[in-house]
Amino acid sequence: MTTVLKLGGSVVTAKDSPETVATERLERAAEAVGAAHGRDATAADPDADIDPADLVVVHGGGSFGHPAAERHGVTTSAGTRDAAAVREVHGAMRALNRTVVGALAAADVPAVQVAPLSTGFRVEERFHQPADAVAALLAEGFVPVLHGDVVATAGAGATVVSGDELVTALAEGLDADRVGLCSDVPGVLDADGTVIDRIERFEDAADALGESEATDVTGGMAAKVRTLLALDTPASVFDLDGLPAFLTGRSPGTRIASDGRVP
Ligand SMILES: Nc1ncnc2c1ncn2[C@@H]1O[C@H](COP(=O)(O)OP(=O)(O)OP(=O)(O)O)[C@@H](O)[C@H]1O
Ligand SMILES: C=C(C)CCOP(=O)(O)O
């Protein structure tokens with residue numbers, strides 16, 4: 001069973017403080033992954049029904065990637081041919097990726113970094129992430145750790161690829177069984193601030209879907225819900241408190257799957 005897990009930029013960074021890692025939250029997330037993967041998940045939870053071996057981690061940009069991208073006017077649709085801009089945005093994301101991989105490694109997760117700038121590309125709005133290398137790393141027992149990045153974009157230089165787009169491309173390319181997005185909210189919230197249990201159509205949450213409160217060049221929760229509804233794989237949106245439950249096969253927070261496929 002293959003699981004694709006995104007650690008949102010709002011989890012691993014302080015989104016309102018430039019290039020600031022949220023160390024305590026990152027360590028909590030790494031420990032949860034280590035408990036479910038690096039150590040024996042069934043020992044932690046005998047009812048766990050996941051194969052902890054096949055886990056891909058993606059993380060967002062938070063206060064590393066988004067401010068750098070905004071400085072250069074680069075988004076998922078607005079590209080740049082300025083190599084210095086590409087180096088700056090990519091460099092910010094690589095710095096964050098080194099810290100995330102380091103925290104996972106400290107929790108006994110066999111984490112290895114994979115850079116979308118070197119492996120993915122975008123043509124006519126669609127992002128392509130060849131899954132072969134990621135699948136080969138999984139087959140050898142590694143946990144690939146990818147991240148939002150800048151990628152070559154046909155006719156536009158380079159654009160931002162969001163972690164959510166990476167999750168989609170990897171879930172499809174690896175035929176993943178489960179997708180989880182860990183963010184700084186317990187799920188997708190309705191207008192009253194209550195967690196919506198299931199979303200099968202965008203209209204189920206449209207009136208409550210706003211932007212992120214911090215700098216965000218990739219569309220925030222509204223874009224996230226749209227992205228996940230387009231997936232064949234059922235997905236869950238939850239916060240750090242829900243991460244251990246997700247990693248042991250449960251569905252915390254909001255479950256998102258179109259046309260009745262919500263688990
Ligand atoms: N209806 C909603 N329910 C929950 N969060 C919402 C809603 N509308 C807007 N938001 C905002 O969306 C944010 C989460 O989306 P965001 O894209 O910032 O998450 P992330 O994946 O952690 O970040 P990044 O994209 O940097 O990885 C929340 O912090 C909240 O401010
Ligand atoms: C802004 C950059 C480079 C990454 C965006 O990824 P996200 O934070 O998952 O939206």
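Author: Start with helix angles. Angles under 35 degrees count as roughly parallel, over 145 as roughly antiparallel, 65 to 115 as roughly perpendicular and the rest as oblique. Axes are lines fitted to C-alpha atoms, for helices over the stretch in contact, and angles run from 0 to 180 degrees between N-to-C directions. Helices (H or I, at least four residues) and strands (E, at least two) are DSSP runs, numbered from the N terminus. The model is predicted, so local features need pLDDT of at least 70, side-chain atom pairs count only at pLDDT 80 or more, and totals for chains, interfaces and linings use all residues. Residues are numbered from 1 along each chain as its sequence is written, chains are lettered from A and ligands numbered from 1 in the order in which they are written, and side-chain values use heavy atoms, with hydrogens and water left out.

Reader: Why are α4 and α5 called roughly antiparallel?

Author: Helix α4 (residues 62–71) and helix α5 (residues 83–106) pack at an angle of about 175 degrees. The cut-off is over 145. The pair is therefore roughly antiparallel. The two axes are 8 Å apart.

Reader: Which residues make the contact of α4 and α5?

Author: Contact means heavy atoms within 4.5 Å. From α4 come F64, G65, A68, A69 and R71. From α5 come E88, V89, A92, M93 and L96. By class, that is 7 nonpolar, 1 polar and 2 charged residues. Here Ala, Val, Leu, Ile, Met, Phe, Trp, Tyr, Cys and Pro count as nonpolar, Asp, Glu, Lys and Arg as charged, and the others, Gly among them, as polar.

Reader: What makes F238 and F246 a stacked pair?

Author: A pair of aromatic rings is described by the distance of the centres and the angle of the planes. Rings of Phe, Tyr and Trp (its six-membered ring) pair if their centres lie within 6.5 Å; planes under 30 degrees apart count as stacked, over 60 as edge-to-face and the rest as tilted. The centres of F238 and F246 are 5.0 Å apart and their planes meet at 25 degrees, so the pair is stacked. The count comes to 1 aromatic pair.

Reader: Are F238 and F246 buried or exposed?

Author: Buried means under 20% relative accessible area, exposed over 50%, partly exposed in between (1.4 Å probe, protein chains only). F238 has 0%, so F238 is buried. F246 has 1%, so F246 is buried too.

Reader: What makes a charge sit over a ring?

Author: NZ of Lys or CZ of Arg must be within 6 Å of the ring centre and within 35 degrees of the ring normal. The charged end of R178 sits over the ring of F246, 4.1 Å from its centre. The charged end of R226 sits over the ring of F202, 3.8 Å from its centre.

Reader: How do you know whether V143 is buried or exposed?

Author: Its relative accessibility is 0%, so V143 counts as buried. V143 lies in strand β6 (residues 143–147). Leaving aside neighbours within four places in sequence, V143 is in contact with H37, L55, V57, V109, P110, A111 and V112. V143 and Q113 are 30 residues apart in sequence and 8.5 Å apart in space, C-alpha to C-alpha.

Reader: What makes helix α8 mostly covered?

Author: The count does. In α8 (residues 163–173), 9 of its 11 residues are buried. Among them are D164, E165 and L166. Just after α8, D175 takes a positive phi of about 50 degrees.

Reader: And what covers the buried residues of α9?

Author: The cover includes β1 (3–7), α8, β9 (178–182), β10 (198–199), β11 (235–238) and β12 (254–256). In α9 (residues 220–229), 8 of its 10 residues are buried. K224 is one of them.

Reader: Why are E124 and E125 called exposed?

Author: E124 has a relative accessible area of 74%, so E124 is over the 50% cut-off and exposed. E125 stands at 72%, so E125 is exposed as well. E124 is in the loop between β4 (121–123) and β5 (126–128), and E125 is in the loop between β4 and β5. Phi is near 45 degrees for E124 and near 70 degrees for E125. Each is a positive value in a residue other than glycine.

Reader: What about R98: buried or exposed?

Author: R98 is at 55%, so R98 counts as exposed. R98 lies in helix α5.

Reader: How many helices and strands does the chain have?

Author: The protein chain has 10 helices and 12 strands. Of its 263 residues, 52% count as buried.
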